[in-house]
Amino acid sequence: MIIIRFIIFAIFILFILFVIGVILFFSSVKNLFRSFNRMGNQRQQTSDGYSQQSSRKGQTITDYRTNEQRDKHIFAPDEGEYVDFEETKD
């Protein structure tokens with residue numbers, strides 16, 4: 001009778017240790033995924049005044065340039081942005 005109680009007690013202790021091990025394992029896996037998620041949400045500042053942020057929902061690009069920088073023309077005045085359309089017949 002005492003041996004049966006000891007075996008039941010030992011099985012109970014092993015079960016408790018197993019549950020604690022499972023909880024510790026899943027909490028460490030959760031922390032690992034959180035750290036990877038934080039790395040994926042990092043913000044990158046570029047030299048031309050843009051900030052780019054990646055997340056699970058996609059990419060967000062924010063423009064921090066001043067109005068003068070935004071309105072600045074990229075092309076020189078002698079370079080045209082418009083190209084005449086010419087239809088070619090085959």
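Reader: What is the relative accessible area of Ser27?
Author: Ser27 has a relative accessible area of 31% and is therefore partly exposed. Buried means under 20%, exposed over 50%, and partly exposed in between, with a 1.4 Å probe and protein chains only. This is a predicted model, in which local features need pLDDT of at least 70, side-chain atom pairs count only at pLDDT 80 or more, and totals for chains, interfaces and linings use all residues. Residues are numbered from 1 along each chain as its sequence is written, and side-chain values use heavy atoms, leaving out hydrogens and water.

Reader: Which helix holds Ser27?
Author: Ser27 belongs to helix α1, residues 2-40. Helices (H or I, at least four residues) and strands (E, at least two) are DSSP runs, numbered from the N terminus.

Reader: And what does the side chain of Ser27 reach?
Author: The backbone oxygen of Leu24, at 2.9 Å.

Reader: Turning to rings, how many aromatic pairs does the count come to?
Author: One. Rings of Phe, Tyr and Trp (its six-membered ring) pair if their centres lie within 6.5 Å; planes under 30 degrees apart are stacked, over 60 edge-to-face, and the rest tilted.

Reader: Why is the pair of Phe25 and Phe26 classed as it is?
Author: Their ring planes stand at 70°, with centres 5.4 Å apart, so the pair is edge-to-face.

Reader: Is Phe26 buried or exposed?
Author: Phe26 is exposed, because its relative accessibility is 54%.

Reader: What pattern does the protein chain follow along the sequence?
Author: The order is α-β-β-β-α, with two helices and three strands. Of the 90 residues, 2% are buried.

Conventions:
Polar contact = N/O pair within 3.5 Å; in protein donor to acceptor, adjacent residues only side chain to side chain.
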